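Please look at the structure below and follow the text with it open.

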Amino acid sequence: MFKFMHVQRPVDPKSLGTTTPERLGAAVQGASAQKDVQKNSCRGSFEAHRCRGGWPARECGPEELPGAARGLRDVLDLPEGGARPPAASSIASDVRQLAEKYGKELAACGALSAELSAYVAFAEALSAALAEAVAGRGAAAVPAELYAHGAGAGMLCYPSAFLRELGERLAGYDWAAAPGADLLGQAYRQIAPREARKKFGEFYTPDWIIKLILWRALHLLVRGRPPDRALPGSDAEADGEVVELIDEHYRSRGAVPSFADPTCGTFAFGVRYIDALIRWRREKGRMSPAELAEEVLASVAGIEVNPAAVAAAKA
């Protein structure tokens, strides 16, 4: 199982960078026309939106213009998408269709089955897309690169035609509308053969038990005793208490509770804990989104031996 830990770690807010928006709007950051930058020796910004919501423009130097122009062309060439909120069933369906279409090519990529290879590629591409969005390039950047360049986008193990279609499918979801749930973990359980899960000794905990264990574990850590009742009255009551317990720990120790799951699977416990941290930040306003991201990177960890589950956990 996992454990929470006290960690005395001073945090300097000035070292954590600027605020990162919480909403991952599908946008690509670039720069103004190259001739204007060269003529005026100034720095400018350009912003192309592909869905509702937005991403603040980022200033770029002249040296970044060629890459920004290529990225903009890739996004404009990408078929319109982003209409569907993601669901585990639709992700599993995409993975199965890709595996059926590119099974022979995927089988040459490694020891995993075609479906699990497709699943790992989906999870790795999604992880890269979200990381690029947080870094400021926009949620459409990685899907557009995959769609335009195939294996040239950097995932060299996989066939180009597969990656192009993967990029198009990734762009078909509005990831900003994703529910706070372990979507990739749920999809994995629909895809992974029972024999493979048995080989790794995998058993996945129902979501209501995850919430209950997190609630009890935080009571034990922060107040030194279990809660005064066996079960919370409702999900909303448990969520509210978890936020208050995180805040108590932060006020007394200057950091959120550290979390480690040594057999994390697809990181269902970690996903729920990070969701609780996001609620705590929104309700208490203790730190900026960028500061919370730094806290999560420093304080939340998982260990897993199954490569497919690791890919999902990272995403």
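The second largest pocket holds about 490 Å³ of space. On a 1 Å grid over the protein atoms alone, a cavity is a set of points where a 1.4 Å probe fits but cannot get out, while a pocket is an open set with protein on both sides within 12 Å along at least five of seven lines; lining residues have an atom within 4 Å of a point. Grid points are joined across faces, edges and corners, and the volume is the space filled by probe spheres set on the points. This is a predicted model, in which local features need pLDDT of at least 70 and side-chain atom pairs count only at pLDDT 80 or more, while totals for chains, interfaces and linings use all residues. Residues are numbered from 1 along each chain as its sequence is written, and side-chain values use heavy atoms, with hydrogens and water left out.

The lining of the second largest pocket has 27 residues, and Phe203, Tyr204, Thr263, Cys264 and Gly265 lie nearest its centre. At least two lining residues come from each of helices H8 (183–191), H10 (207–223) and H12 (268–284). Helices (H or I, at least four residues) are DSSP runs, numbered from the N terminus. H12 gives the largest share of the lining, three residues. By class, the lining has 14 nonpolar, six polar and seven charged residues. Here Ala, Val, Leu, Ile, Met, Phe, Trp, Tyr, Cys and Pro count as nonpolar, Asp, Glu, Lys and Arg as charged, and the others, Gly among them, as polar.

H12 also packs against another helix. Two packed helices are described by the angle between their axes and the distance between the axes. The axes of H12 and helix H13 (residues 289–299) come within 11 Å and cross at roughly 150 degrees, which means that H12 is roughly antiparallel to H13. Axes are lines fitted to C-alpha atoms, for helices over the stretch in contact, and angles run from 0 to 180 degrees between N-to-C directions. Angles under 35 degrees count as roughly parallel, over 145 as roughly antiparallel, 65 to 115 as roughly perpendicular and the rest as oblique. In the contact (heavy atoms within 4.5 Å), Ile274, Leu277, Ile278, Trp280 and Arg281 of H12 meet Pro289, Leu292 and Val296 of H13. Seven of these residues are nonpolar, none is polar and one is charged.

How do the axes of H3 and H8 cross? Ala88, Ser89, Ile91, Ala92, Val95 and Arg96 in H3 meet Leu183, Leu184, Gln186, Ala187, Gln190 and Ile191 in H8. This contact has eight nonpolar, three polar and one charged residues.

Asp94, Gln97, Leu98 and Lys101 of H3 touch Phe162, Glu165, Leu166 and Arg169 of H7.

Pro232 is found in the loop between H10 and helix H11 (235–253). Apart from its neighbours within four places in sequence, Pro232 is in contact with Leu212, Trp215, Glu237 and Ala238.
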